[in-house]
Amino acid sequence: MRKMAQLVMASIAKYVDRTRLQSTCSSVFSDVHFWVPLVVLIAGLFFLAWVS
Amino acid sequence: MGQLSTGVITRSTVSVERMRLLQRLGILCGITAGAWLGAAEVPTKLVSSGLSPFLISLLMVAGVFIGRWSLPAIVHGTSSISSDVGNTPHLVIWAVMAGCLWSVANTLTIFAIRDLGLSIAFPLWNTNAVIGIIWGTLFFHELRNAGWQRWGAVAGGAGLMFIGGMILARISAHQISSVSAAKGVTAALGAGLLWGTMYIPYRKAYLSGMNPLSFVSFFTIGELGMMTILAVHYLGGIAHLLRQIAGAYHVMFWLLAAGFVWVLGDLAQQYAVKYVGVSRGIPLSNSNQLWGLLWGAIAFGEMRTWAHTAAMGVIYGSLLMAAGLVVISLSVADEGEHARWREAAERERSRYDIDADFVCSSLQGKSSAPRKSKTWLDWLLVIGTTGVFAWTGSVAHWPAFPLNWTAVYLLIAVALVLLALTAISLWKITRFN
């Protein structure tokens, strides 16, 4: 399992620019707008747990 | 990327004729979205008895996944998708988040339909328009510089929708047991909240210049991923899930078809949001409420067993909500408001370091990159999709459900005419950009 994970990560690293990926993720997570849908998604999962 | 000077989008101008043309196109897309999003719930209704809502939602999302990769492959080709991602890689994360919101909302709607019926549940989750207006105004400068008349129209329309929704919620409490009604109303309103919030990523994508066809391709990864997690968790593990899927092979076609029909409506909705914004595009596409009422009441005869006063209440409540949607839709954005939209686009460009030409072209419904030809992957996706529908269709059972066939043919014909008009207009005016 670990070997497979390492293989997948190596394949991703081959095609994805790690610096760009880090800066993209950092821009998204520092955008305050991103946290609004995330909080609503978590609330939605609680609604679902109650109605199901 | 982003080498042009700051403020270039704010200072850019779109001719008044082009702006009006794009707004008219956005309105047509919104109306078509309503017809197809309304029709998407019909196959779900046909097979709802005896199946878990999680299984229904998962199979529907599988149909959505197929549609959201094959339709963009037919129209633009997958190479355009990779070019869009190169310009706006951050939107992949936003699209996946939007897809997760969609999946949870869609599952909630199935519970709502089960507990309340199609005709009541629809208007309740359409409160997502009000949520969308709030986010559009707060985050994307929609309705800024809009003047008191436009603000009044939007606030008045939202008020009408609220009153209509309350009438329907009251009727549901009288027709259905109180526990079912409470759960059904919570599920429908919860779906409204999630779908209303899902428009934050939509608007972000289109202010940043991403093509709607590229956005939905990544959106659907979030959808299928989240829905698979939910189905595995709630249905008792992978083995149980696979057993239930195998047991539902005879209705799989209907659920995949529901997902595919939803994609057609959603694509029209994406273009509506792009060209008239969240605060107008979503109320327009939420005319699916009326289509839901027509399908539920006329084609399925849901109200046959109801008292006359309750049936009239549903009609009055839906008409009030529809009037609210029309009022909101008629408050068209002027140049002052457009300038504030461009400010929001400039903010996105600057935050995520996007090429200014890419954003400017997209705001005018044009592409900054030359059109690419189709690849083997595009044809493989189209052939695969056709194969899946042909196989599931060949083993599908026709559900034993009484239908008013005249109404069914009429509703399908109107939806097809709207789709054809929208596709031709999108091609002529924007080449699907």
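How are α7(B) and α13(B) oriented to each other, roughly parallel or roughly antiparallel? The legends below take up this pair and then other views of the predicted model.

The model is predicted, so that local features need pLDDT of at least 70 and side-chain atom pairs count only at pLDDT 80 or more, whereas totals for chains, interfaces and linings use all residues. Residues are numbered from 1 along each chain as its sequence is written, chains are lettered from A and ligands numbered from 1 in the order in which they are written, and side-chain values use heavy atoms, with hydrogens and water left out.

**View 1. The helix pair α7(B) and α13(B).** The axes of α7(B) and of helix α13 (residues 278-285) of chain B come within 8 Å and cross at roughly 170 degrees (axes are lines fitted to C-alpha atoms, for helices over the stretch in contact, and angles run from 0 to 180 degrees between N-to-C directions). The two helices are therefore roughly antiparallel to each other, a term for angles over 145 degrees. On α7(B) the contact (heavy atoms within 4.5 Å) is made by N128(B), A129(B), G132(B) and I133(B), and on α13(B) by V278(B), S279(B), I282(B) and P283(B). Helices are DSSP runs (H or I, at least four residues), numbered from the N terminus.

**View 2. The interface of chain B with chain A.** Chain B gives 35 residues to the contact and chain A gives 22 residues. Between them the chains bury about 2,500 Å², 80% of it on carbon and sulfur atoms, where buried area is the accessible area (1.4 Å probe) that two parts lose on being put together, summed over both. In chain B, I93(B), M97(B) and K183(B) lose the most area to chain A, together 21% of what that side buries.

View 3. Two salt bridges are counted between chain B and chain A (a side-chain nitrogen of Lys or Arg within 4 Å of a carboxyl oxygen of Asp or Glu). The side chains of D31(A) and K204(B) meet in a salt bridge at 2.8 Å, N to O. On the side of chain B that touches chain A, the largest share, 11 residues, comes from α5(B).

**View 4. A salt bridge within chain B.** The side chains of D266(B) and R68(B) meet in a salt bridge at 2.2 Å, N to O. This pair links distant parts of the chain, 198 residues apart, with D266(B) in helix α12 (residues 252-276) and R68(B) in helix α3 (residues 53-75) of chain B.

Technical notes:
Parallel < 35°, antiparallel > 145°, perpendicular 65-115°, else oblique.
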